[in-house]
Amino acid sequence: MERTFEELIERMPDRLAPSMAKDHPNLPVVKEEGCYYYGLDGRKYLDFTSGIAVTNVGHRHPKIVQAIKDAADGLMHGPSGVIMYESILRLADELAEILPGDLDSFFFANSGTEAIEGAIKLAKYVTKRPYVISFTGCFHGRSLGALSVTTSKSKYRKFMQPSGLAYQIPYANERECPEGEDSARYVVSKLEKDFEALFNHQVTPEEVACVILEPVLGEGGYIVPPKAWLKKVREICDRHDILLIFDEVQTGFGRTGNWFAAQTFDVTPDIMAIAKGIASGLPLSATVASNKLMKQWPLGSHGTTFGGNPIACSVGLATLEVMKEERLLDNTKTMGAYAVSRLEKLKEKHPVIGSIRAVGLMIGIEIVHPKTSKPNSGGLMDILDRALEKGVLFYLCGNHSEVIRMIPPLTVTKEQIDAGLHMLDEAVTEYEASLMSHLD
């Protein structure tokens, strides 16, 4: 007997693994459109998550829906290499035009984690070196290879014994800068010292295949490093013939106001991992490198059955078309700046709001204890729940789950930002009142 949606929701704990089904806020929805989710409860929710930075052109954009229908009339599945089809070739050609530098050759997969696995494998294969350097706080995925370089939260690595072939050094932290010093100079100087200590005491640079990082810290707290810091990473890699990998799974496809964060910070990596916003919700990702580098990765060294699915590739093409036609890079810069200006005013009003961390429409809102300024994960969850009750969906990040992610579709309007931040303002006001009543 077929069960109703309500009955299925009740049975979810018996059928879905908690690691899949217990995320926040577990909102049952029946439809999505533009910048909105429509709940089973009949309410309309403003979505400031974009499916965790995936639906950059908005939910169910008409051109995306039509591209799926048109593509399904031709091909449903294509094991690339066994057969060859137009959508994968055209998408590779279009992506090569918007990626920085000479990044023009692609291995298509299905998820961000797969793209990271491919990037690390490519670097090790080409260099014949065993070790990888990553940065504390970065998130690169949860499969075992990616997990060896993921350090945003220790719980992700619990009982996993990730590979010992990876070393970590600290990500840029301008808060550590002593008072009176220039923070950008401080983190650049510290970076050089951290690399020097690592090379002197743990691994020689000649053994390191690659350095991998997020150009903007994502799950680890939406930390935006100084441009000079990223340029110094590039310089150190060049000095020692180490390949540089950018994880642009979350920062890619317009999120920072350019096609990729590499262009925002004017630093071009040797290898890039891209996913999320690439195909508006369909499973698609890519490991990207120069043709010169990729040619050293021969048949059999990596493979996929589903990567570069023909329907997903068609949607990838439609996504790029929508972004260009609707000038979403410009909208990202304009709306991102507007949202930050509004948030800075909320910060002045609310002592539980710490720093505002932003580039483009990748915005982090830190929640702190008003008296200690320490991370306040309990307060954050309370605020998220109250905001959802009012009709806006945010998500969380940070090592202590203390940062609200505001990552709306790049189509977001001024009116939608005003509406969402008004609801956030009310939620924070109510939380602070509750907090004060408990303190009294």
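Asp382, Arg386, Lys390, Glu426 and Glu430 are joined in a network of salt bridges, a salt bridge being a side-chain nitrogen of Lys or Arg within 4 Å of a carboxyl oxygen of Asp or Glu. The model is predicted, so that local features need pLDDT of at least 70 and side-chain atom pairs count only at pLDDT 80 or more, while totals for chains, interfaces and linings use all residues. Residues are numbered from 1 along each chain as its sequence is written, and side-chain values use heavy atoms, with hydrogens and water left out.

Glu430 belongs to helix α15 and Lys390 to helix α14 (residues 377–390), so the pair ties together parts that are 40 residues apart in sequence. Helices (H or I, at least four residues) and strands (E, at least two) are DSSP runs, numbered from the N terminus. Glu430 is partly exposed, at 31% relative accessible area, and Lys390 is partly exposed at 25%. Here buried means under 20% relative accessible area, exposed over 50%, and partly exposed in between (1.4 Å probe, protein chains only).

The search of the whole structure gives 22 salt bridges. One of them joins the side chains of Glu366 and Arg175, at 2.5 Å from N to O. This pair links distant parts of the chain, 191 residues apart: Glu366 is in strand β12 (residues 362–367), and Arg175 is in the loop between β6 (166–170) and α8 (183–201). Glu366 is buried, with a relative accessible area of 4%, whereas Arg175 is exposed, with 55%. A further salt bridge is formed by the side chains of Asp418 and Arg342, at 2.6 Å from N to O. Asp418 lies in helix α15 (residues 414–439) and Arg342 in helix α13 (residues 328–349), and the two are 76 residues apart. Asp418 is partly exposed at 25%, and Arg342 is partly exposed at 21%.

Helix packing was examined for α5 and α12. Two packed helices are described by the angle between their axes and the distance between the axes. The axes of helix α5 (residues 86–98) and helix α12 (residues 310–325) come within 8 Å and cross at roughly 35°. Axes are lines fitted to C-alpha atoms, for helices over the stretch in contact, and angles run from 0 to 180 degrees between N-to-C directions. The crossing is left-handed, that is, the near helix is turned anticlockwise from the far one by less than a right angle. Residues of α5 in the contact include Leu91 and Leu95, and those of α12 include Leu317 and Leu320, where contact means heavy atoms within 4.5 Å.

The structure holds zero disulfides, a disulfide being a pair of cysteine sulfur atoms within 2.5 Å. Cys35 is in no disulfide, and the nearest cysteine sulfur, that of Cys397, is 18 Å away. Cys35 is buried, at 3% relative accessibility. The sulfur of Cys237 is 8.7 Å from the closest cysteine sulfur, in Cys210, which is too far for a bond. Cys237 is buried at 1%.

Ser50 is 15 residues from Cys35 in sequence and 7.7 Å from Cys35 in space, C-alpha to C-alpha. Ser50 is found in helix α3 (residues 50–53) and is buried, at 0% relative accessibility. Leaving aside neighbours within four places in sequence, Ser50 is in contact with Thr55, Arg255, Ile407, Pro408 and Pro409.
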